[in-house]
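Please consider the sequence and structure shown here.

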Amino acid sequence: MNRELFAAGERLVSPAYVRQGCEARRSHEHLMRLLLEKGKCPEDGWDESTLELFLHELAIMDSNNFLGNCGVGEREGRVASALVARRHYRFIHGIGRSGDISAVQPKAAGSSLLNKITNSLVLDIIKLAGVPTVTSCFVVPMATGMSLTLCFLTLRHRRPKAKYIIWPRIDQKSCFKSMITAGFEPVVIENILEGDELRTDLKAVEAKVQELGPDHVLCVHSTTSCFAPRVPDRLEELAVICANYGIPHIVNNAYGVQSSKCMHLIQQGARVGRVDAFVQSLDKNFMVPVGGAIIAGFNDSFIQEISKMYPGRASASPSLDVLITLLSLGSNGYKKLLKERKEMFSYLSNQLKKLSEAYNERLLHTPHNPISLAMTLKTLDKHCSKAVTQLGSMLFTRQVSGARVVPLGSMQTVSGYTFRGFMSHTNNYPCAYLNAASAIGMKTQDVDLFIKRLDKCLKTVRKEQNKESDVSGVDNNDKTEDVDIEEMALKLDTVRLDTCQDSS
């Protein structure tokens with residue numbers, strides 16, 4: 001309600017009461033004005049009433065919500081289901097125009113404003129998370145893999161002779177397929193083993209650049225966030241190599257925003273060498289539904305070039321989701337989540353270390369990986385290689401999601417390329433192991449329940465191993481009472497770990 005409406009209301013209700021309501025309205029409007037003026041995430045999160053008022057004010061600026069709108073075109077924001085319209089807060093036109101995902105739509109001033117605000121807030125959060133010199137970013141309604149593809153396709157126009165992408169190996173299908181989909185040939189650089197950690201082979205990277213010729217290399221495609229025992233690439237050194245040879249550098253920072261260490265690597269890489277763009281997932285870093293990513297960089301013109309490469313308009317859903325989330329949390333709320341994640345990493349590490357030692361295993365020493373941990377499974381693999389896979393199946397059927405069991409010797413073909421030791425990021429890692437990660441939003445009870453279920457599964461697998469290896473025969477009456485229950489559970493564990501591997 002504007003001043004005229006409030007004034008009209010004073011004829012029906014006591015002016016004192018109306019003025020009180022007017023002041024309450026102004027408090028909401030003050031928050032909205034600060035957001036539009038500063039373009040930064042508010043320190044304290046907004047309440048739902050302010051958020052919904054703000055979204056409603058934006059939505060009525062779109063032509064599909066005009067009271068007298070007369071749409072005679074093929075794209076007029078018509079929606080058959082009122083439930084769908086409410087789900088999207090009546091933002092129906094999406095974002096961008098046919099030639100630029102960041103462009104303003106004449107029919108949708110509200111959606112365009114939403115898009116601009118979201119990009120501004122996300123840029124502010126990336127700076128807060130550890131990359132203060134980032135200059136530009138935008139939310140794209142595609143997950144990380146396709147967003148990386150968009151970056152590679154943009155570079156194609158700048159480097160017409162380029163055919164290859166140099167890629168330090170990371171056993172994750174979408175980042176590998178992103179290069180294939182873009183039409184380039186990945187040049188896989190095997191990692192080197194340093195202690196328990198798998199690290200970037202810098203000499204091999206530089207040797208391959210020299211062998212192929214810098215003009216024939218589209219870019220170096222590096223990774224920050226990854227499953228232990230692989231650790232983030234040596235970004236600073238890679239950035240220097242890219243700067244020395246005039247080669248672009250694209251960083252897969254999938255879930256790295258939540259890690260100050262990953263963000264620091266990107267910042268340092270840009271400071272000492274070259275980082276052209278870094279891509280991060282919305283769902284992994286901001287706890288929103290899957291379907292969006294952020295493409296960010298240190299050169300405005302290149303990031304704008306990427307946004308113009310996106311063909312057509314785009315869904316506003318990822319932008320709307322992250323906008324609502326960030327305004328609800330505020331910068332203080334997001335910083336609190338980052339702090340809690342670090343604390344959970346330490347807690348998970350300690351608990352997993354204790355459990356591993358109880359089973360004559362050990363927690364792999366991977367100090368350069370700030371998110372993922374790995375525990376050896378040597379004693380299981382020594383008796384039977386199937387026992388390792390069995391453990392993964394048991395965890396999966398007991399509703400433990402996210403943990404990965406990595407056996408030795410797995411072979412996987414991805415887009416015509418065969419990887420030995422797939423999921424372990426190297427051809428021959430010394431042992432089988434189990435992964436667990438401390439990601440944003442994890443709570444103490446999640447860790448405790450995971451450790452409890454993992455403990456029970458390890459006990460069951462050990463019992464099965466002992467039963468199979470006992471050739472002298474054992475009186476079944478001597479078994480513990482819970483064996484029958486565990487055997488019933490084992491019958492449910494026919495789901496192979498491959499299901500988990502494919503979903504990762």
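The questions below set computed values against definitions.

This is a predicted model, in which local features need pLDDT of at least 70, side-chain atom pairs count only at pLDDT 80 or more, and totals for chains, interfaces and linings use all residues. Residues are numbered from 1 along each chain as its sequence is written, and side-chain values use heavy atoms, with hydrogens and water left out.

Q: Why is H221 called buried?
A: Buried means under 20% relative accessible area, exposed over 50%, and partly exposed in between (1.4 Å probe, protein chains only). The relative accessible area of H221 is 0%, and H221 is therefore buried.

Q: Which residues is H221 in contact with, leaving aside its neighbours within four places in sequence?
A: Contact means heavy atoms within 4.5 Å. The partners of H221 include L148, F152, W167, M179 and N252.

Q: What makes α9 and α10 roughly parallel to each other?
A: Helix α9 (residues 235-245) and helix α10 (residues 260-272) pack at an angle of about 30 degrees, with axes 8 Å apart. Angles under 35 degrees count as roughly parallel, over 145 as roughly antiparallel, 65 to 115 as roughly perpendicular and the rest as oblique. The two helices, α9 and α10, are therefore roughly parallel.

Q: Which residues make the contact of α9 with α10?
A: L235, E236, A239 and V240 of α9 meet L265, I266, Q268, G269 and V272 of α10.

Q: What is the span of helix α3 (residues 48-59), and what is expected?
A: The expected span is 1.5 Å times one less than the number of residues. With 12 residues, α3 reaches 16 Å from its first C-alpha to its last, close to the expected 16 Å.

Notes:
Helices (H or I, at least four residues) and strands (E, at least two) are DSSP runs, numbered from the N terminus. Axes are lines fitted to C-alpha atoms, for helices over the stretch in contact, and angles run from 0 to 180 degrees between N-to-C directions.
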